[in-house]
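The stops below are meant to be selected one after another.

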Amino acid sequence: MPPVESTMMPLGTEAPHFDLPNTNPAFGGERVSMSGLSDEGGPLVVAFLCNHCPFVVHVADRLAEIARAYSAKGVSFVGISSNDVATHPDDGPEKMTLEAEARGYAFPYLYDEDQSVARAYAAACTPDFFVFDAGRRLVYRGRMDETRPSDMAAATGADLTAALDAVIAGDMVSAEQRPSVGCGIKWKPGNRPANGTGRAG
């Protein structure tokens, strides 16, 4: 299957609500909600991830490092996996727990079983990143950086960290934002958004 690009939700969009089971025992409770994270008052990164996709595997360790560094600056992170586990059992909750532990994810890793949260975010691929300011308005969406699994270079996280640095400083995030590219979300029968959610990359 060809890579899929993120749909680039309009900037300024209010963060869609979520309340999902958390598979990472090292962080958070059994369920994590948008309202619970809103109590923390800082920016929020929502990352649609999975365990098996090579595009996620390429950035996962760097994402874990960024989350640890920026959590200390008041940024909240959540990872969400929405893939159909009937066709991709390696993305199921038990395997998500193992992945979170192996990567050292310092954030909740949430399981979107009915895929309603992925649809609400118009998420198209893994990875797919969304950054919201303290008011929960979208200020950045798209790629983590310019690198790809086929590159010799390691993931840098340059695009994501530039957006986070700007929002933490109270500056405008650059509107020059590029879509993420990755594996298309594995939709359950009948769940694929009507707009196709994503285009070939």
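The tour goes from the sheet to its central strand, then to the cores, and ends at some backbone details.

This is a predicted model, in which local features need pLDDT of at least 70, side-chain atom pairs count only at pLDDT 80 or more, and totals for chains, interfaces and linings use all residues. Residues are numbered from 1 along each chain as its sequence is written, and side-chain values use heavy atoms, with hydrogens and water left out.

**The sheet**

Show the cartoon and colour the strands in the order β6-β5-β4-β8-β9: they form an open sheet of 5 strands with mixed pairing. Helices (H or I, at least four residues) and strands (E, at least two) are DSSP runs, numbered from the N terminus; two strands pair if DSSP finds at least two bridges between them. β6 (109-111) and β9 (138-142) stand at the edges with a single partner strand each, so one side of each has no neighbour in the sheet. From one strand to the next, the twist averages 20°, with axes taken as lines fitted to C-alpha atoms (for helices over the stretch in contact) and angles running from 0 to 180 degrees between N-to-C directions.

**Strand β4**

Select residues 44-48, which are strand β4. Parallel to β4 runs β5 (residues 76-81), joined to it by 5 bridges; L44 has S76 as its bridge partner there, and F48 stands opposite I80. β8 (residues 128-132) runs antiparallel to β4, also with 5 bridges, and D128 is the bridge partner of F48 in β8.

Now show the side chains of β4. In a regular strand the side chains alternate between the two faces of the sheet. L44, V46 and F48 point one way and V45 and A47 the other. How much of β4 is buried? The count is 5 of its 5 residues, so β4 is largely enclosed by the rest of the structure; buried means under 20% relative accessible area, exposed over 50%, and partly exposed in between (1.4 Å probe, protein chains only).

**The cores**

Next, select L49, F77, Y105, M144, L160 and L164, which touch the most other members of the largest nonpolar core, a set of 36 residues. A nonpolar core is a set of buried Ala, Val, Leu, Ile, Met, Phe, Trp, Tyr and Cys residues joined through side-chain atoms within 4.5 Å. The largest share of this core, 9 residues, comes from α2. Centre on M144, whose contacts (heavy atoms within 4.5 Å) include V59, L63 and I66 as well as F129 and L160. A second, separate core of 22 residues includes L44, I80, L110 and Y121.

**Backbone details**

Go to T126 in strand β7 (residues 125-126). T126 is buried at 2% relative accessible area, and among the residues it touches are F48, L49, C50, G182 and C183. The peptide bond from T126 to P127 is cis, with omega near 0°; P127 is found in the loop between β7 and β8.

Q115, in the loop between β6 and α4 (116-120), has phi near 70° and counts as buried at 0% relative accessibility. A122, in the loop between α4 and β7, has phi of about 50° and counts as partly exposed at 23%.

Methods
Lists of a residue's contacts leave out its neighbours within four places in sequence.
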